[in-house]
Amino acid sequence: MIYSLFFILCFLFSALAVFAADPSQLKESIEKKNEELQKINSQIQEIQDNLEDVKKEGQTLKKEVVKVDSQISQIKLGIRSSEVVIEKLGLEMESTQYKIADTEDEITKKKKGIIQALRELQSKDGENAMIIFLKNKSLSNSAFEIQGLSDLSANLANDVVEMQSLRQVLNEKVDELSGKKQSKESEFYNLKNKQSIVEEVKKSKQTLLEATKNQEKNYQKQLSELEKQQLAISDEISDLENELRRTFDITLLPIKRPGVFAWPIKLVKDGGIGRITQHQGEVSRLYKGKPHNGLDIGAPLGTPVYAADDGIVETADNNDINYYRKYQYGKYILIKHENNLTTLYAHLSRYVVNKSAQVKRGDLIGYSGSTGYSTGPHLHFGVYWAPSVLMKSVPPANGLVPIGVVINPEDYL
């Protein structure tokens with residue numbers, strides 16, 4: 001009870017301290033949060049670069065453990081990044097509230113000035129220039145009064161325009177506050193999911209060590225078996241897709257143009273975090289020289305993945321049997337769109353939508369990962385001609401595997 005009271009008091013004092021911060025202190029605190037975020041993001045990217053280098057090396061148990069440990073470190077940094085973003089948004093919301101209060105004060109003052117001006121004008125209502133000249137003893141007094149009325153009218157008009165402008169600013173600030181509130185709620189959701197992801201990655205390491213009994217020879221034996229199984233799955237899928245492609249009329253496809261789909265993970269060159277690590281059609285080392293059937297976007301573990309366009313979730317499934325026996329796409333989502341194209345989002349660490357859900361362009365649907373037949377954290381983004389898509393069980397892969405006429409995603413991004 002004493003400890004609970006102590007923590008409550010600490011929280012209250014902390015909250016009061018934040019609330020008591022003036023705008024200049026808030027600005028300084030926000031800048032510090034930005035600096036911390038930059039540092040964390042640099043560390044996340046450094047780990048990502050190291051993981052990309054590890055992919056090019058031979059596979060050993062020791063390297064696999066190091067890779068998993070790196071992923072755990074990366075997602076922990078992602079968790080801290082979410083925490084800092086939440087703290088920063090809280091500070092920005094408070095700063096915006098200050099601006100809203102200041103703007104409301106200015107509107108109140110302007111309103112009082114306008115009311116006073118209207119009263120003065122009303123008291124002079126009905127007096128024209130002739131009456132003013134007749135009631136004043138001197139010409140100069142009359143001219144002064146007429147000029148005063150003219151200035152009062154002009155100032156009133158300016159005050160009305162300024163108040164309208166202030167109301168627009170106020171509306172913008174209120175919208176800004178609402179947007180930051182929504183962003184904060186979204187980041188809380190991301191934080192919760194990232195915390196779940198890190199626990200799952202820890203389990204994958206434990207499962208790996210148990211499956212291999214922490215012995216290199218056991219690891220290599222099981223790795224060889226997994227590779228054979230995965231290649232057999234890949235051959236079966238390729239044969240089916242080649243057969244579908246031979247009978248497909250390419251004139252049915254929508255006209256190739258950019259912007260049909262939004263990027264599921266924004267690229268670094270566009271201010272995002274993703275990097276293209278393999279284009280469609282390129283020779284795949286994992287699949288013994290076969291052409292790659294999608295677009296790989298390298299991104300740190302736990303990076304949010306968004307729907308490329310409006311559609312309905314056809315499937316949200318997992319091809320992995322466990323944390324070590326990983327096949328094909330691992331955790332994946334398939335979304336059918338109104339333009340007769342279907343998009344695939346594979347190797348996810350987590351998906352947050354279910355079958356039959358309706359999604360909008362830009363909706364959060366999952367997080368990047370390294371499930372399935374993958375050598376590191378990334379998103380496999382694929383596009384199919386929707387009417388050709390079949391859902392097929394291809395043992396030993398778990399669940400269903402999508403098969404269909406594959407289209408180059410970059411033709412529509």
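This is a predicted model: local features need pLDDT of at least 70, side-chain atom pairs count only at pLDDT 80 or more; totals for chains, interfaces and linings use all residues.
R246 is exposed, with a relative accessible area of 61%. Exposed means over 50% relative accessible area, buried under 20%, and partly exposed in between (1.4 Å probe, protein chains only). Areas come from the Shrake-Rupley method with a 1.4 Å probe, and for residues only the protein chains shown count as cover. R246 forms a salt bridge with E243, their closest N and O atoms being 2.5 Å apart. Such a bridge is a side-chain nitrogen of Lys or Arg within 4 Å of a carboxyl oxygen of Asp or Glu. E243 is partly exposed, at 43%.

Residues are numbered from 1 along each chain as its sequence is written, and side-chain values use heavy atoms, leaving out hydrogens and water.

Helices (H or I, at least four residues) and strands (E, at least two) are DSSP runs, numbered from the N terminus. The expected span of a helix is 1.5 Å times one less than its number of residues. Helix α6 covers residues 216–246. Its 31 residues reach 44 Å from first C-alpha to last, close to the expected 45 Å. Buried residues in α6 include Y219, L223, L226 and E241.

Helix α2 runs over residues 23–55. Its 33 residues should span 48 Å, and its end C-alpha atoms are 48 Å apart, which agrees. Among the buried residues of α2 are L26, I30, K33 and L37.

How many salt bridges does the structure hold? It holds 18. One of them joins the side chains of E176 and K173 (3.4 Å, N to O). These two are three residues apart in helix α5 (residues 139–212), so about one helical turn lies between them. E176 is partly exposed, at 29% relative accessibility.

K256 and D411 also meet through their side chains in a salt bridge (3.6 Å, N to O). K256 lies in the loop between α6 and β1 (275–278), and D411 in the segment after β12 (406–407), so the pair ties together parts that are 155 residues apart in sequence. K256 counts as exposed, at 57%. D411 is partly exposed, at 24%. Elsewhere, salt bridges that share partners join K33, E36, R80, E83 and E87 into one network.

## A negative patch

D102, E104, D105 and E106 gather on the surface in a patch of negative charge. Patches are made of residues with over 30% relative accessible area and no salt bridge; like charges are joined within 9 Å, and nonpolar side chains (Val, Leu, Ile, Met, Phe, Trp, Tyr) within 5 Å. Asp and Glu count as negative, Lys and Arg as positive; His and the chain ends are not counted. A charge is placed at NZ of Lys, CZ of Arg, CG of Asp or CD of Glu. E104 sits in helix α3 (residues 61–123). Its relative accessible area is 40%, so E104 is partly exposed.

## Backbone details

N214 lies in the loop between α5 and α6. Q328 lies in the loop between β4 (311–318) and β5 (331–336). Which of them is buried or exposed? N214 is exposed, at 51%, whereas Q328 is buried, at 5%.

A cis peptide bond joins P395 and P396, with omega about 5 degrees. P396 is in the loop between β10 (390–392) and β11 (401–403).
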